[in-house]
Amino acid sequence: VAGAHRSGAPLRPEQIEAAYRSSWLIRKIVDVPAEDMTRAGRDWTAKKEEITKIEAEEKRLKFWHAVRTALIFGRLGGGALFINLADFAPEKPLPAKIAPGMIESLVPLYRTQIALGQMDDDLLSPTFGEPTVFRVNTHAQPIIHPSRLVIFRGQMVPGLYSTSWEDRFWGDSVVQVVDEAVKDATTATGGFAALIDGGKVDVMTMPG
């Protein structure tokens with residue numbers, strides 16, 4: 001329509017979660033790409049004993065489950081994978097060399113579990129536009145060094161107008177984009193089902 005414009009407000013996290021939990025179609029839209037990216041694993045070019053050790057470490061860390069969950073969080077609006085090192089506090093950077101067994105666990109986090117620190121506004125910095133630190137939204141609120149998080153973003157947000165920096169960093173949920181189409185499809189399916197039910201109703205008549 002000529003002159004028409006959109007002014008839809010972004011979905012809140014609780015609306016995104018409700019849609020994900022209640023709609024099988026939205027769940028498929030979110031989950032299937034993440035499952036496709038992680039279900040086949042990967043091929044290694046290494047000696048057999050090295051591959052055995054690597055795969056044992058991945059199994060210990062539940063690597064593929066953690067990555068799949070973080071990917072789903074990303075598609076739901078942003079998430080991260082925290083690399084938990086047994087002997088290093090979260091605020092310390094990731095060491096250049098990781099020894100076997102050094103990683104204690106891999107922890108998927110949704111964006112609402114993470115608070116962004118100050119943005120690096122130095123245009124010449126390699127981390128321009130990124131947070132200088134992160135905090136976990138818990139009672140203790142520990143500081144996390146950026147190198148300890150692998151970020152999984154949602155859909156790109158241009159940020160041309162009044163979009164918050166946090167939304168620009170994390171991105172939009174795919175639910176934001178498909179929500180209207182899914183609602184239309186659900187309404188159409190429900191209407192079609194009602195027509196079928198109506199068509200199956202027997203009508204009996206008698207004279208007078």
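S173 lies in the loop between α5 (165-170) and α6 (174-199). Helices (H or I, at least four residues) and strands (E, at least two) are DSSP runs, numbered from the N terminus. The model is a predicted one, in which local features need pLDDT of at least 70 and side-chain atom pairs count only at pLDDT 80 or more, while totals for chains, interfaces and linings use all residues. Residues are numbered from 1 along each chain as its sequence is written, and side-chain values use heavy atoms, with hydrogens and water left out.

The side chain of S173 has two polar contacts to backbone atoms. A polar contact is a pair of N or O atoms within 3.5 Å; within protein, one must be able to donate a hydrogen and the other to accept it, and residues adjacent in sequence count only if both atoms are side-chain atoms. A polar atom of the S173 side chain lies 3.3 Å from the backbone oxygen of L76. The backbone nitrogen of V175 is reached by the S173 side chain at 3.0 Å. Not counting residues up to four places away in sequence, S173 touches I16, R75, L76, G77 and Q155, where contact means heavy atoms within 4.5 Å.

V157 is in the loop between β6 and α5. Its relative accessibility is 12%, so V157 counts as buried. Leaving aside neighbours within four places in sequence, V157 is in contact with T163, D167, R168, G171 and D172. S105 is 52 residues from V157 in sequence, and their C-alpha atoms are 31 Å apart in space.

**The three-stranded sheet**

An open sheet of three strands has the order β2-β1-β6, with antiparallel pairing. Two strands pair if DSSP finds at least two bridges between them. The edge strands, β2 (103-110) and β6 (149-152), each pair on one side only. On average, neighbouring strands of this sheet are turned by 15° against each other, direction ignored. Axes are lines fitted to C-alpha atoms, for helices over the stretch in contact, and angles run from 0 to 180 degrees between N-to-C directions.

Strand β1 (residues 79-85) is joined to β6 by four bridges, and the two run antiparallel. Seven bridges join β1 to β2, also antiparallel. In β6, A80 has I151 as its bridge partner, and L81 has V150. On the β2 side, L85 stands opposite I103. β1 is mostly covered, with six of its seven residues buried. Strands of a sheet pair through backbone hydrogen bonds, either parallel or antiparallel.

**Helices**

Helix α4 (residues 63-75) has 13 residues and reaches 18 Å from its first C-alpha to its last, close to the 18 Å expected at 1.5 Å a residue. The expected span is 1.5 Å times one less than the number of residues. F63, A66, V67, T69, A70, L71, I72 and G74 are buried in α4. The cover over these buried residues includes the helices α1 (13-22), α2 (24-38) and α3 (48-61), and the strands β1, β2 and β6. After α4 comes G77, with a positive phi near 135°.

α1 and α2 pack with their axes 5 Å apart, at an angle of about 105°. The two helices are therefore roughly perpendicular to each other; angles under 35 degrees count as roughly parallel, over 145 as roughly antiparallel, 65 to 115 as roughly perpendicular and the rest as oblique. At this contact, A19, Y20, R21 and S22 in α1 meet W24, I26, R27, V30 and D31 in α2.

K62 lies in the loop between α3 and α4. Q141 is found in the loop between β4 (134-136) and β5 (143-144).

Note on methods: Buried means under 20% relative accessible area, exposed over 50%, partly exposed in between (1.4 Å probe, protein chains only).
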